[in-house]
Amino acid sequence: MILFMGLPDGSLHTTQMIRQQVLICMKEMRAVHSYKTIGTDLTTLRRKPAVRAIDHLCVHSGEVPFLSFPLLDEQDWLMNCFSTRLGGVSEEGLAALNLSYTREKGGREKVDENFRRMAESAGFPAEDMVLSWQTHTTNIRVVREEDRGKGFTSQRDYCDIDGLVTDVPGLVLVTFYGDCVPLLAADPVRHVIGAAHSGWKGTLNNIGGELIRTMKETYGCDPADMIAAIGPSICSDCFEVDRDVADAFRAKTDPDVFEKICRTASDPEKRKAGKHHIDLQEACRQNFLHAGLAFDRISVPDVCSCCNSDLLFSHRGSPEEHGLMAAFLGILQRKKR
Ligand SMILES: [Zn+2]
């Protein structure tokens, strides 16, 4: 009941095709990813480091549909999912599954309900969540057992946290998105996970590298062992920026990498006005590669939030207010010792 959808060339046509398939699949399929049934038997643990599928995305349909990354699904000690805007109780621009408390007017109830729906659909206890506090920094928090529920069942006693890492089984790291790039990383050897919000500032300042460095220094992870996913976020066609943003990237990026992630606008008028397009997903991949991850262990589904603003929340794709989606990443159990 899981559909694997390839995006071989990353073209717009592919994005359109995927979008249609997502719509169809969300109607026809039922959620199958269960926290309770996956990986609870120690004997089923696999330690294979190999990665079979890249550049793919799973769609889990049902009343509250969600997405997941097969690269992470393959690891039976991991729970991963990514919300869409479908299946919640929020209204208007926030319709329907808004997961941002700050954007929801009139109290926490609707967002609480949206989180509960999402958790139930994906099969994890909502009380296990630990929420980031995103302000476009590169700050990473090492999440411990005592953080369980923070941001949901209790107040966060931290702020300015755009990335979370942990080795505690049963905790679910939650980070938020509405065009910015979701970064999910996992070490299958040491069973450590990390999630980070990488907007253009975070990408420029290399929060992906900070995430990997924190996993390395805190838990002794080897980046060569790691796998990672770069989630739905704004594509380079949709992400037009002024010259100053392009210049900031140029100043901080190797010329050969810069060539891959930035181009001038094709429209002559826009070109004259200094408009550029930045490929944030590719920039994040480059940050991961620079941190030591292997190319074939980084999954980039190449799904644009802005091109799919009816399914996904998008800052640029929304005329007025918009909600936020979230990525959820958790450890189901410790590896067999
Ligand atoms: Zn787009």
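**Close-up views of a predicted model**

View 1. Helices (DSSP runs of H or I, at least four residues) and strands (runs of E, at least two) are numbered from the N terminus. The model is predicted: local features need pLDDT of at least 70 and side-chain atom pairs count only at pLDDT 80 or more, while totals for chains, interfaces and linings use all residues. Residue numbers start from 1 along each chain as its sequence is written. The protein chain holds nine helices and 16 strands.

View 2. The expected span of a helix is 1.5 Å times one less than its number of residues. The 13 residues of helix 5 should therefore span 18 Å, in agreement with end C-alpha atoms that are 18 Å apart. Its buried residues are Ile207, Gly208, Gly209, Glu210, Leu211, Ile212, Thr214 and Met215. A residue is buried if 20 or more other C-beta atoms, placed from the backbone, lie within 10 Å of its own, exposed if 12 or fewer, and partly exposed in between. The packing partners of these buried residues include helix 4 (200–204) and helix 9 (280–290).

View 3. Two strands pair if DSSP finds at least two bridges between them. Strands 6 and 7 run parallel and are joined by three bridges; arginine 141 has leucine 164 as its bridge partner in strand 7. Strand 7 also pairs with strand 10, in the antiparallel sense, over four bridges, and here leucine 164 is partnered by alanine 195. Seven antiparallel bridges link strand 9 (residues 181–187) with strand 10 (residues 192–198); aspartate 187 stands opposite valine 192 of strand 10.

**View 4. The two faces of strand 7.** Gly163 and Val165 point one way, Leu164 and Thr166 the other, and all are buried. In a regular strand the side chains alternate between the two faces of the sheet.

**View 5. Leucine 183 and the nonpolar core.** A nonpolar core is a set of buried Ala, Val, Leu, Ile, Met, Phe, Trp, Tyr and Cys residues joined through C-beta atoms within 7 Å. The largest core has 91 residues, and those touching the most other members are Val172, Leu173, Leu183, Leu184, Ala185 and Ala228. Strand 16 (residues 325–331) gives the most to this core, with six residues. Beyond its neighbours within four places in sequence, leucine 183 is in contact with residues including Ala195, Leu211, Ala228, Ile230 and Cys284. Contact requires C-beta atoms, placed from the backbone, within 7 Å.

View 6. A cis peptide bond, with omega about -5°, joins alanine 95 and alanine 96. Alanine 96 lies between strand 4 (78–83) and helix 3 (109–122). Glutamate 92, in that loop, has a positive phi near 55°. Glutamate 92 is exposed, with 12 other C-beta atoms within 10 Å. Most residues other than glycine have a negative phi, and most peptide bonds are trans.

Methods. Contact = placed C-beta atoms within 7 Å.
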